[in-house]
Amino acid sequence: MSGTIKVTFEPEGKAAFVLPGSLVLEAAARAGIIVDTPCGGRGTCGKCRVIVRDGCSPVTATERRLLKPKELASGLRLACQAKLVRETAITVPDASRFFEQRILTKGVKRALKLCPAVAKRTVRVEEPTLTASRSDADRVLDALGDGALRLDLGAARQLPAALRAADHQVTAVLHGNDVLALEPGDTAGQCFGVAFDIGTTTVVGALLDLATGHEAAIAARTNPQVSFGDDVVARITYASEDSGLAELQAKIVECVNDIVAELAARAGVPRDGIYEMTTVGNTTMNHLLLGLDPRHVAQMPFPAVTRAAMEAPAADLGVAIHPRGRLYAMPNIAGFVGGDTVGVVLAADLAARRKPTLAVDIGTNGEMVLGTARRLVACSTAAGPAFEGARIRFGMRATDGAIEQVRLRDDVETSVIGDAPPRGLCGSALVDALAELLRVGILEPSGRMLGPNELPRKLPKALRRRVVPGERGNDFVLAHEAETGLDSPILLTQADVRQVQLAKGAIRAGIEVLKGELGVDDAGIDAILLAGGFGNFIRRRNALRIGLLPPVEHARIHFIGNAALVGAKMVLACTDYRAQAEALSHRVEYLELGGLPQFQAHFAEAMLFPESD
Ligand code: FES
């Protein structure tokens, strides 16, 4: 192609054609290779490493800062920094690839009421006669016995054939007053819908039998938009450029369609037997799916385009369910508290609780809701992606090779995900490691890691030997070089500890602000519900030990799994839940923490670790 250059990605040999000056990261995305970009391509994590022989712009100052001279000399570059200038081949090592992480598909169990928006009714219609030759439509609508029903044009086109294919017996697919489709014979027992949780990182879909309420299949994928940045701000930035919004929307629709195809195949259901799709997601994911310009969500005072629930023909978005299937997108609460939080509130029945209950969903943003039937207050904190592995020297997502559990006995004991030597540590191990270092006295409540000469006397020798001087303070060796899949040991550095302090400080400060707003103290919190992926893999005792959560008895902390998806299933199963969700989106009060002085005060305090358990 004229004006473009060819870039081949190894070892797959996949090629992409890009304009000179494009980032290696963009070219990789075009070739269908997802490079892990924990910092969203901002040049701070140093994790998007690729091997380039030639054909790229000179090494940048950022690369000099994040890569060692030896690494630069061996051809390592950062995919978010290096620009392509001529045809070349680039190797993307496994350690730099975005692999599926443990995806949470299960959620809190709820018996679902069944009153879906889509319903089927089977009728037998009189045949026309010379003396009574009314139209096909009039006879079907009469048989359905509801004068308010309207025949969709697409359904009208199907009508003559459907009516005559099964001896004048037809099944009408109804959505409100619309007859969406007419199927020959009695198909009333086959009525499906699909519920989606569209997360910034993962997308999960569940196929629901709307005749019985049973889940027929569940499937998940990584959100392919991660190629354009790991967090919502990076996606909004991309969406604000030329064709960025259309590109991001196309990516998520493609992913949704892949999942629908898998669900349909696994359950043995034709795609056009799926008549409705419901979605939950944060406000940015909601806007990107619907093609709404999200740019103002990232600008003070962070307004969403709309917080209302949105309904549309699924085909308008390119979603491949029944050609006249419908889409219902859960309402949002505010720019940074979206339909996923409405889903959590709905699934956990927070609005019916008599005693104060706190629901927390920890991700790149921490979203939390506290309250009772009388009042519910929500906030969102930019916790940063530390718990997802970014800005942590050896941090990684919860995929194969990630240390996911750490215990300190006479020496370090770890468990690693998958059958692989450790390559780094994920969020749950990070929480474990800090809790354990605090317990044995290597870490002070201020967050300072003690030096080799300051360690407690009774500390076992093997642990003592793992404390080593680092670049900024002292580091702790979690895995020696010989045990790892790397050419270095896996360290927990003093800088890592500071990052966790920032992240957990933000979440805890958000919780404290909510408590203050409602006048609830720790003893008054009846239950803490941890939703979402990270929350469900951490150990409660350790989360309490580092002060991520308020000090409540650990039996009062409950894991509620992917509660947002449960919310999406509820609004698919019954329109009553839609009315509740829409009321909740108005009822849950949103607190913008940025404008509150008490947030800063709590934040400073919450950065410290508790003195003891
Ligand atoms: S440095 Fe490139 S993604 Fe973080």
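## Close-up views of a predicted model

**View A. Asp 136 and Arg 164 form a salt bridge.**
At a relative accessibility of 43%, Arg 164 counts as partly exposed (buried is under 20% relative accessible area, exposed over 50%, partly exposed in between; 1.4 Å probe, protein chains only). The model is predicted, so local features need pLDDT of at least 70 and side-chain atom pairs pLDDT 80 or more, while totals for chains, interfaces and linings use all residues. Residues are numbered from 1 along each chain as its sequence is written, and side-chain values use heavy atoms, without hydrogens and water. The partner of Arg 164 is Asp 136, and the N to O distance of this salt bridge is 2.9 Å (a side-chain nitrogen of Lys or Arg within 4 Å of a carboxyl oxygen of Asp or Glu). Asp 136 belongs to helix α4 (residues 136-144) and Arg 164 to helix α5, so the contact ties together parts 28 residues apart in sequence. Helices (H or I, at least four residues) and strands (E, at least two) are DSSP runs, numbered from the N terminus. Asp 136 has a relative accessibility of 17% and counts as buried.

**View B. Asp 167 and Arg 124 meet in a salt bridge.**
Their side chains have an N to O distance of 3.8 Å. Asp 167 is exposed, at 52% relative accessibility. Arg 124 is exposed too, and its relative accessible area is 54%.

**View C. Arg 448 is joined to Glu 444, and Arg 508 belongs to a network.**
Between Arg 448 and Glu 444 the salt bridge has an N to O distance of 3.2 Å. Arg 448 is partly exposed at 30% relative accessibility, and Glu 444 is partly exposed at 28%. In the network, salt bridges link Arg 508, Glu 512, Lys 515 and Asp 522. The structure as a whole holds 28 salt bridges.

**View D. A disulfide joins Cys 115 to Cys 574.**
The S to S distance is 1.8 Å (a disulfide is a pair of cysteine sulfur atoms within 2.5 Å). By this rule the structure has one disulfide. The pair links distant parts of the chain, 459 residues apart: Cys 115 is in the loop between β5 (88-91) and β6, and Cys 574 is in the loop between α16 (563-573) and α17 (575-587). Cys 115 is partly exposed, with 24% relative accessibility. Cys 574, at 0%, is buried.

**View E. Cys 56 is too far from the closest cysteine sulfur for a bond.**
Cys 56 counts as buried at 16% relative accessibility. Cys 426 is also buried, and its relative accessible area is 3%.

**View F. Phe 228 and Tyr 238 form one of three aromatic pairs.**
The count is three aromatic pairs (rings of Phe, Tyr and Trp, its six-membered ring, with centres within 6.5 Å; planes under 30 degrees apart are stacked, over 60 edge-to-face, the rest tilted). The pair of Phe 228 and Tyr 238 is tilted, with 4.6 Å centre to centre and 50 degrees between the planes. The two residues are 10 apart and link distant parts of the chain: Phe 228 lies in the loop between β12 (215-222) and α6 (232-239), and Tyr 238 lies in helix α6. Phe 228 and Tyr 238 are both buried.

**View G. Phe 599 and Phe 603 form a stacked pair.**
The ring centres are 5.9 Å apart and the planes are at 5 degrees, so the pair of Phe 599 and Phe 603 is stacked. Phe 599 and Phe 603 are four residues apart in helix α18 (residues 597-606), a separation of about one helical turn. Phe 599 is buried, at 11% relative accessible area.

**View H. Lys 113 and Arg 578 each lie over a tyrosine ring.**
The charged end of Lys 113 sits over the ring of Tyr 577, 5.6 Å from the ring centre (NZ of Lys or CZ of Arg within 6 Å of the ring centre and within 35 degrees of the ring normal). Arg 578 is over the face of Tyr 328, and its distance from the ring centre is 4.3 Å.

**View I. Helix α8 is largely enclosed by the rest of the structure.**
Helix α8 covers residues 283-290, and eight of its eight residues are buried. They are Thr 283, Thr 284, Met 285, Asn 286, His 287, Leu 288, Leu 289 and Leu 290. Just after α8, Gly 291 has a positive phi of about 75 degrees.
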